[in-house]
Amino acid sequence: MKTKAAVAWKAGAPLTIETLDLDGPRPGEVLVEVMATGICHTDYYTLSGADPEGLFPAVLGHEGAGIVREVGAGVTSLKPGDHVIPLYTPECRQCKFCLSRKTNLCQAIRTTQGRGLMPDGTARFSLDGKPVLHYMGTSTFSNFIVAPEIAMAKIREDAPFDVVCYIGCGVTTGIGAVIFTAKVEAGANVAVFGLGGIGLNVIQGARMVGADKIIGIDLNPEREAMARKFGMTHFLNPKDHPNIVDAIQQLTDGGVDYSFECIGNTTTMRQALECCHKGWGQSIIIGVAEAGKEISTRPFQLVTGREWKGSAFGGARGRTDVPKIVDWYMDRKINIDDLITHRLKLEDINKGFDLMKAGESIRSVVVY
Ligand code: NAD
Ligand code: DAO
Ligand code: ZN
C-alpha cells in the first residue's frame, strides 16, 4: 500500500512530504493508521545530527496514537479496529529484562530497532524500490506504519487521539519518572530542572503524589506561569540565582528529596545531584545529553548518601502502564490539554520544529 510520510533525508535538512510504499504486516506485526503524533525534542535531536545513533533516510516520530487496520499471522493481543499507542520501549513479557521486573527496557527487538529495521531485519517503507528506515520502531510521522505487536499499547476507544498521542512519550516519561522510577512519596520536596514538555509532566506527577515543595528551574521566564498551573510552588531562574544549588538548599532546609534533570545538559545534571539532601536525596536524569558528553561530581556527594539514577520512558512498562495513564487523563487526574499548544497538518511539520526551537511551543501535534 501507499502512505503519506514526512521523510528525514539527512541531518539538518527539513523533512519532505513523500508518498512511500509500505509493505503489509508480517508474522507478529500489525498495520496501524496513525491518527495523530506529537513532535518531541528527541525527534529534533536525531534530525539535527546530534544523535550518534541517528540513521537516514528515515521516517521519524515516536509519539503517536492510531487504529489497528490489519494484523499479521500469530498476532493474538490485537485485532483490526483496536485503538493503540505505539511504544518505542516495547514490552514482550518474555525476555530476561521483562522477566527481571527490575527494568522496563525490554530487549526483545532492540538490535533491529536500533538499526531502523523490523525484527526480521528488513524495512517496510520504501521509495522507488529503495528502503527508507524506521525510527525507534514507531515512525509516527507516517500516516500508516507497520510495527511489532509487542510494541503497541491497546487503549480505550473514547480517548482523543490528538491528546493521548502525547502519552506515547512526554507524559509517560515525566509522570512515570516520578511514580515508577523515583517513587516519590507524599510530603517530599522536589526540584525539576527544565520546564519543557517533559519537566511540566514531572511537575504534575509530583503534585499527583502529594509532594510538598515543587521547585522549577528554567532559563525561560515564560515557563513560570504554565509550571505554576501544573503544581510548581517555587520558580528559580538561574539568571537570578547564579548559585542554584545553594538557592535550592536554602528553600528546603538542606536540599530536596528528589530532583529531576529534564534538559539534557551535563552542568545542570551535576547541579541536580548536588541540590539533593545529604543522606538520602535522589537525582533522576531524564534529559539526553549530546553525544560524547560526560557527567562529573565529587564522589563524596555519593559517599554522603546522594544517589544518581536514570529513567527511560518514565520506567513505564508500555503495554501495562500506558492504558492506565490514558485512564488518568480520561478521569481528569492529569491535564494534557493545556500542554498541547499547537495542532498542525503533516505538510506543516517543519513549522512544529521551528516552534520548538524558538521555545514557543510545549507540544505541537500533527493531526492526520
Ligand atoms: P524542551 O526543549 O521542551 O524543554 C527544555 C527546557 O529546559 C526548556 O524550557 C529550556 O528553556 C530549559 N533549559 C535549557 N537549558 C537550560 C539551563 N541551562 N538551565 C535551565 N533551564 C534550561 O525539552 P523536552 O521535550 O522537555 O525534553 C527534555 C529532555 O528530555 C531532552 O533532552 C529530551 O531528549 C529528553 N527526553 C528523555 C526521555 C527519556 O525517556 N529519558 C524521553 C523524552 C525526552
Ligand atoms: O534498551 O538500550 C535500550 C534502548 C532504550 C531506549 C530508551 C530511550 C529513552 C531516551 C530517549 C528519548 C526517547 C524519546
Ligand atoms: Zn522484553
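In this predicted model, helix H5 meets helix H11 through Val171, Thr172, Ile175 and Gly176 on the H5 side and Asp321, Val322 and Ile325 on the H11 side. By class, this contact has four nonpolar, two polar and one charged residues. H5 covers residues 170-182 and H11 covers residues 318-330; their axes come within 11 Å and cross at roughly 95°. That angle makes H5 roughly perpendicular to H11.

**Helix H5 and helix H6**

- The axes of H5 and helix H6 (residues 199-208) come within 7 Å of each other and cross at roughly 45°.
- The two helices H5 and H6 are therefore oblique to each other.
- The crossing of H5 past H6 is right-handed.
- On the H5 side, the contact is made by Gly170, Val171, Thr173, Gly174, Ile175, Ala177, Val178 and Ile179.
- On the H6 side, the contact is made by Gly199, Leu200, Asn201, Val202, Gln204, Gly205 and Ala206.
- The contact of H5 with H6 has eight nonpolar residues, seven polar residues and no charged ones.

- The domain assignment of the chain gives domain 1, made of residues 2-168 and 336-367, and domain 2, made of residues 173-312.
- The centres of domain 1 and domain 2, taken over C-alpha atoms, are 29 Å apart.
- Where the domains touch, 13 residues of domain 1 are in contact with 10 residues of domain 2.
- Helix H1 gives the most to the side of domain 1 that touches domain 2, with three residues.
- That side of domain 1 divides into seven nonpolar, four polar and two charged residues.

**Ligand 1**

- Ligand 1 lies between domain 1 and domain 2, because both domains give residues to the shell around this ligand.
- There are 31 residues around ligand 1, and those that come nearest are His41, Gly194, Gly196, Ile198 and Gly264.
- Helix H1 (residues 41-48) gives the most to this shell, with three residues.
- By class, the shell around ligand 1 has 15 nonpolar, 14 polar and two charged residues.

**Ligand 2**

- The residues around ligand 2 are Cys40, Thr42, His62, Thr89, Leu105, Gln107, Arg110, Cys169, Val288, Ala312 and Phe313.
- This shell around ligand 2 divides into six nonpolar residues, four polar residues and one charged residue.

Technical notes
Residues numbered from 1 in each chain as written. Chains lettered and ligands numbered in written order. Predicted model: local features only at pLDDT ≥ 70, side-chain atom pairs only at ≥ 80, totals over all residues. Near = placed C-beta within 6 Å. Nonpolar A, V, L, I, M, F, W, Y, C, P; charged D, E, K, R; others polar. Helix = DSSP H or I, 4+ residues; strand = E, 2+ residues; numbered from the N terminus. Domains from an automatic or database assignment. Axes fitted to C-alpha atoms, helices over the stretch in contact; angles between N-to-C directions. Parallel < 35°, antiparallel > 145°, perpendicular 65-115°, else oblique. Contact = placed C-beta atoms within 7 Å. Left-handed = near helix turned anticlockwise from the far one by under 90°.
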